[in-house]
Amino acid sequence: MFETIAAISTPIGEGGIGIVRISGDESFDILEKIFKPKSKKNVKDLKHNSVNYGHIYDENEIVDEVLVMVMKAPKSYTKEDVIEINCHGGYLITEKILEIVLKNGAKLADAGEFTRRAFLNGRIDLTQAEAVIDLIKSKSEKNLTLSVEQLRGDLKEKVGELKKKLLDVAAHVNVVIDYPEEGIDEPLPKELWGNLEEVHSECDILIKSYDKGKKIKEGIKTSIIGRPNVGKSSILNSLLKEERAIVTHIPGTTRDSIEEIININGISLILVDTAGIRKTEDIVENIGVEKSKTKIKESDLVLFVLDNSEELTKEDYDIYKYIDDKKCLGIINKIDKSKKIDISKLDKINNWIEISAINGLNIDKLEESIYKFILEDDIKNSSEKLILTNIRHKSSLEKVKDSIDNIFNTLNMEMPMDLIAIDLREALDSLSEITGEISSEDLLDHVFKNFCVGK
């Protein structure tokens, strides 16, 4: 069905090993021309799932000492014959072996072509293919967990359950339409009405989970804001557990935004230490202040920092007015000093944590508060919940909900059953788009364009 393809599956550069992967009907024919096993066995007689020691040859010249892994169709990643040549890691040697493989009949694989073949050959559905790239690009433990669950087929299974409920409804509707002589008076029995309500409700839950899944997948954009010298940079350094930002007692030391990524309980935080917001004659610092205001608007979470040892100032109140209470955690810093602050008037913020960044006091509690504030509930046992991380899946489920809303309206207004059949078909098609049972070349190109060559 396809040409035999090959690519380097490991990062280019020096390393312990390099892997050249081959997939297709001619894999063994190509291997027979370039590989001589130490065992003297015929290449085509090598066992499935075996690792074989030998040498790669370019005609009569030895190129490298290798281990060759053999995976025979259909029990392989692509459901085709797959060969993986494990050679010494190095830019020149892996490129040389790939060149030899291509010279002997293979075609250079496109980005994501191995996984695309796994999908087209029916080994995985489209959600699992998308999980592969999410798995590769995971930057946090929670994202890794969600990717593994999707790769395992959890979303595929859920979509199958939703389709089964809709198909039961469709079967009844088709009988009513196609066999009017049966005299079925009730357009939709109670249990089938319940099916529609369940699908609608489950779609709604999954759609709402996307915001959380997006944060887990992409990281939480978090801005540390406050007037100059309240300890924002000290908090950044405490969370990073290193001195990334310059800490002084001179107001306005941070002239621009500083971005770092930290990991809190498996969740990535894209942490931004913003310039202190205040009126200033310094042109450079003014630019930093304006950027700080923009960062507040763009952030998923804002850490609003106040100085425990000083009374609230006009600058504190000026910053306070920029804050959206729904995404702000208040931090009272410098609790190692005498308390002068009174936050009773800052009633827009409901979550406060007291710390001393310079002494590391309550930093662990700050991390815990950030984690709880972001996710609202604990997702450690995420096997009990299905969380969407892909906007494509969310969009398709929104279409399903819209179709079911149309069906309810049709039933309530006692309109023709043919309209229900149309909306049911649209809902089922939307679910099929998620798994790739209905897919266009443009959709597949979009999904696989972000893959690396060799996967």
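Residues are numbered from 1 along each chain as its sequence is written, and side-chain values use heavy atoms, with hydrogens and water left out. Because the model is predicted, local features need pLDDT of at least 70 and side-chain atom pairs count only at pLDDT 80 or more, while totals for chains, interfaces and linings use all residues.

Start with the sheet. Seven strands make up an open, mixed sheet, ordered E3-E4-E5-E6-E2-E1-E7 (strands are DSSP runs of E, at least two residues; helices are runs of H or I, at least four; both are numbered from the N terminus; strands pair if DSSP finds at least two bridges between them). At the edges sit E3 (35-37) and E7 (107-108), each pairing on one side only. E1 (5-8) and E2 (17-23) run antiparallel, joined by four bridges, and Ala 6 stands opposite Ile 22 in E2.

Now the cores (sets of buried Ala, Val, Leu, Ile, Met, Phe, Trp, Tyr and Cys residues joined through side-chain atoms within 4.5 Å; buried means under 20% relative accessible area, with a 1.4 Å probe and protein chains only). The largest has 30 residues, and Leu 166, Leu 196, Leu 397, Leu 424 and Leu 431 have the most contacts inside it. At least two residues each come from H6 (154-178), H7 (190-218), H12 (391-412) and H13 (417-435), with H6 giving the most, eight. Beyond its neighbours within four places in sequence, Leu 196 is in contact (heavy atoms within 4.5 Å) with residues including Leu 166, Ile 404, Phe 408 and Leu 424. Another core, of 29 residues, lies apart from this one and includes Leu 240 and Ile 363.

Methods:
Buried < 20%, exposed > 50% of the residue type's maximum accessible area, 1.4 Å probe, protein only.
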